[in-house]
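Colleague: I am new to this structure and would like to learn how to read it feature by feature. Could you take me through it slowly, giving the general idea before each case?

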Amino acid sequence: MSRVTYRGAADLPPLSRSSGTMAWNHTGSWRFLRPRYQDKVAPCGEACPAGEDVALVELLVGRGDFEGAWRRIREENPLPGTCGRVCFHPCEAACNRGEYDEAVAIPSLERHVADVARRQGLKPSPSHAPASGRRVAVVGAGPAGLTAACFLRRFGHQVDLFDARREPGGMLRYAIPDYRLPVETVAWEAGLVLAEGVRFCPERRLGADLGWEELGGYDAVFLAVGAWAATRLGVPGEELARDGLGLLDALRQGQRPTVAGPVAVIGGGNTALDVARALVRLGAEPTIYYRRRLADLPALPDELAEAREEGIPVRTLLTPEALAPAADGIALTLTTLLAVADPAGGRARVVPSGHPSVTVTVTAVYAAVGAGPSEGLPPELHAGDGAAVAGLHLRRVVTRGAWAERPPTYLGGDLVNDRRTVVTAIASGKEAAVVIDAELRGVSLAEVWPAIRVGKGGAISLNRLNGGDRARRQDHVVRFEELNTIYFGYQERRPRPRISLEERRTGFDEVALRISGALARQEAERCFHCGVCDQCDNCYLFCPDVSVRRDPGGDRREIDYAYCKGCGVCVVECPRNAMVLEEEPR
Amino acid sequence: MKRVLEGSHAVSHAVELARVAVISAYPITPQTHIVERLAELVADGVLPARYIRVESEHSAMAAVIGAAFAGARSFTASSSHGLALMHEMLHWAAGSRLPVVMAEVNRAMGPGWNIWADQTDSLSQRDTGWMQLYCEDVQEVLDTILMAFKLAERVSLPAMVVLDAFFLSHTCEPVDVPEQAEVDEFLPPWQPTEVLDPAEPRAFNQLSPPDHYLEFRFKMQQAMEEAVGAYGEIDAEFGRRFGRSYGALEVVPARAGERAPLALVTTGSLTGTARATLPSLNAEGPAVDLVKLKLFRPFPQEEVRRVLGPYERVAVVDRNLSFGFGGIFAQELRASLANLPRRPLLYPFVAGLGGRDVTPDSLRAIVARAQAGPPEDVLWVDLKP
């Protein structure tokens, strides 16, 4: 800095300004608050039991990087094509955009990127983990088993995946109907897991031709054999009823049984709805009988809405009393019930109403009132204290009796969680992989757990476990009030296109149609990317000290602390709360 | 090309032709049509400019100051209370020597709440260091915007183009809209000398101690004085290129080659009424010359003395009022003529405040009063006592 002396007006510049550069003036020394780029957790990511990085996935989809989005999902969940179709999408319920206009159509986008990956024949990136020399048996190739096998394999273990059926997929393959989940999607996604080096051992049934003399030879065992044992109706004439799961299984094997006329479906879960909707497609006229009120129906709201669109009546507060042969089919007698509110605020109880019973004559009765653990699971593991809690969706068999001599054995999937959804099964498989890997390597879980949680909902992230970019995110879940929504415009959610009602009522074609890449991008652009910097450049535009620097590629921002005065405008104007303002360390 | 344009849209067209890079404005009646059209032009991609939306006129002026500091040709528009809210920032624009151009639609100040034509809003900003050019018709509005940019950029001072509420802003007239190529030749891109450049950071508008402040003000006054001549040159060049020029003052003599005993001085759209009325007046009685004042800041003092000094009487019609003194144009003219050894008698009329019509009959009454009896400090026209 050189001193300049002005003798008079002729020497002066036209306006008051410094004669030379002011770069020497490090205004950053004035700062007592310090802004910092700090990505956080979006509520969708916290809500996803599989711990998917939804906010970042939507960022990639919005940019048209469908492959990147697919790989990003598969880091946490090997079955995006499946989840994009059948998941109950708790992510959407948590979506901050839902408080603004409408939640982002997250499953639709997940399905889209998976479909693109399949069409393009994409393969998973190879795992670089060195072989551990350990062998793990995974019994049951449903979503929990497939997920556990996939991640255990990526951790470097040798994995043998046993299943009682010919094809992998479990319920995905042999229960969920085609109109919700095409067989090809399951086959492709399961195939990708096997292609990562998992050895599939088909038609090996636990307790029949798969026993502990063989399983005892592994270093760890994960049992996820599912809940295939249908609960019986427990009323006189119950042997006249058919098993709902059995019907779905037959349909998945390509059979098209002949059913016509009025049919009763007993139950209110997703199985009951799937059975009823399948019956419509077979040409029957099903009615659902459910013992509680419509509001208590455990099936997913989307499922119920679609079933009702397809013209399926749901009759509530009715429970079977007896089945008897009748001249033109089966006489189904139902007790009429009454809902009694729980003074403690819990679910209403139902009691007999005292009104006369109802008898309907139907050509068939399908029972879909629940299912218990598949046969072959040792009875001491069915319930009680045979297995101890080892995770949110995981139990570890207690090492006593015969189990003292057996390798560490875990239970997962539908065996341990009441919700019994695909994504909770996936979450269970993930937990199993992490827990078993830690046990095999002798790593303390207490150290691993906190570092891999996503928010507080119990979801875990393998990206975090592997020290990926999510490991650098602050474990704070961004709430709607923490966004600066002035930068977002109202935009309608794109409705998911579907086949016509006529087509739905006559065939098993998938109801939800694929969406175009352009539509997917538009919908993904509705995402706020809560807590995740998407390089919107608001910080750069607002910084009064020109102290936000962009690298030439434009993918990274950094703050020039030599000049940043710590005014905090960048933090306030960040639409998505991807920055923090902290006290300057002294 | 001749087009029928509303006064407001003549401004918008001129702004488009001037290839303005940044616009920031806050809507206020009767300025709204100007910025509405500009917002459309920007939103439709017709005008490749940035339109910065703001929450107040103060911020609008701050935004165009920032844009001009970065070297962008910048425009805003306001009126009345909006202009009053800009007041502080008007000083910042002028003191920073930024050639911002503003369309100012003359509207009365409230209360009583009034949206009609009155010049007190712009004249209240007399001492901010802004140049002010008043317009008579829609064609002149369009032309003056283009000239204002050239003038502002030449002398590094902001310029206000002033047009009457409704009489001009909302009236459609046939307007000759120049071709873009012609305008580009007349008004090449601005070449700023003092640019805010993050690559070479400087301190701007920092403390100016008593040692320097006076000199900065002196330089602004110098620029204003230079602007009188610069305006004359630019107006003449505009005339050569487009066939229309306006002068700082325009004299419409009653009889060519002669000077009448009385000059009637008008500004704004009122001049049009006078232009239409005087020929019949001149046919009936003693001759009256019309003198239209266009350039108010810088005030063309020399030309005022030369043109108005020789008259016996000068009648000034002010659609404005400085409470406790009188009409503001009259006051300025009187001050300019004060040092002449021989001065005309000056009749200061206050008329048409708050948009009341100043009719041919009003002008007849003004002329009659100026031709008979001594002047007073304030002469009210059409007052209902």
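This is a predicted model: local features need pLDDT of at least 70, side-chain atom pairs count only at pLDDT 80 or more; totals for chains, interfaces and linings use all residues.

Colleague: In which element does A:L334 sit, and is A:L334 buried or exposed?

Modeller: The general idea for such an element is that in a regular strand the side chains alternate between the two faces of the sheet. In this structure A:L334 belongs to strand β12 of chain A, residues 329-340, and A:L334 counts as buried because it has 21 C-beta neighbours inside 10 Å, where 20 or more are needed. Its C-alpha atom is separated by 9.0 Å from that of A:L323, which is 11 residues apart from A:L334 along the chain.

Colleague: For contrast, where is A:P497 found, and which residues is it in contact with beyond its neighbours within four places in sequence?

Modeller: A:P497 is found in the loop of chain A between α16 (462-465) and α17 (501-506), and, with those neighbours left aside, A:P497 is in contact with A:L513 and A:I515. A:P497 and A:L513 are 16 residues apart in sequence, while their C-alpha atoms are 5.5 Å apart in space. A:P497 is exposed, because 12 other C-beta atoms lie within 10 Å and a residue with 12 or fewer is classed that way.

Colleague: How do strands β17 and β18 of chain A pair, and how many residues lie between them?

Modeller: Strand β17 (residues 387-391) and strand β18 (residues 394-397) of chain A pair in the antiparallel sense over 4 bridges, and A:A387 stands opposite A:V397 in β18(A). With 2 residues between them, β17(A) and β18(A) form a hairpin.

Colleague: Let us turn to helices, then. How should I read the buried residues of helix α12 of chain B?

Modeller: The general idea is that an α-helix has 3.6 residues a turn, so residues three or four places apart point the same way. In helix α12 of chain B, residues 360-370, the buried residues are B:S362, B:L363, B:I366, B:V367 and B:A370. Seen down the axis of α12(B), these buried residues fall within an arc of 135°, and therefore they line one face of the helix. On the other side of α12(B), B:D361 and B:A368 are exposed. The cover over the buried residues of α12(B) includes, in chain B, the strands β10 (262-266), β11 (288-293), β13 (313-318) and β14 (345-350), together with helix α9 (270-284).

Colleague: Which residues touch the most other members of the largest nonpolar core?

Modeller: That core has 154 residues, and A:V139, A:F222, A:V265 and A:Y366 touch the most other members. Helix α14 of chain A, residues 422-441, gives the most to this core, with 11 residues. Apart from it lies another core, of 118 residues, which includes B:I65, B:V175, B:V304 and B:A330.

Colleague: And how should I read each chain as a whole?

Modeller: Chain A has 20 helices and 22 strands, and of its 586 residues 44% are buried. Its C-alpha atoms fill a box of roughly 120 × 55 × 50 Å along the principal axes. Chain B has 12 helices and 15 strands; its radius of gyration is 21 Å, close to the 21 Å that the globule rule gives for 385 residues, so chain B is as compact as a globular protein of that length. Buried residues make up 50% of chain B.

Colleague: Finally, how many residues of chain B are in contact with chain A?

Modeller: There are 19 residues of chain B in contact with 14 residues of chain A. To the side of chain B that touches chain A, helix α8 of chain B (residues 210-242) gives the most, with 5 residues, and by class that side has 6 nonpolar, 7 polar and 6 charged residues.

Note on methods. Residues are numbered from 1 along each chain as its sequence is written. Chains are lettered from A and ligands numbered from 1 in the order in which they are written. Two residues are in contact if their C-beta atoms, placed from the backbone, lie within 7 Å. Ala, Val, Leu, Ile, Met, Phe, Trp, Tyr, Cys and Pro count as nonpolar, Asp, Glu, Lys and Arg as charged, and the others, Gly among them, as polar. The arc is that of the directions from the helix axis to the C-beta atoms. The radius of gyration is taken over C-alpha atoms; the globule rule is 2.2 Å times the number of residues to the power 0.38. A nonpolar core is a set of buried Ala, Val, Leu, Ile, Met, Phe, Trp, Tyr and Cys residues joined through C-beta atoms within 7 Å. Two strands pair if DSSP finds at least two bridges between them.
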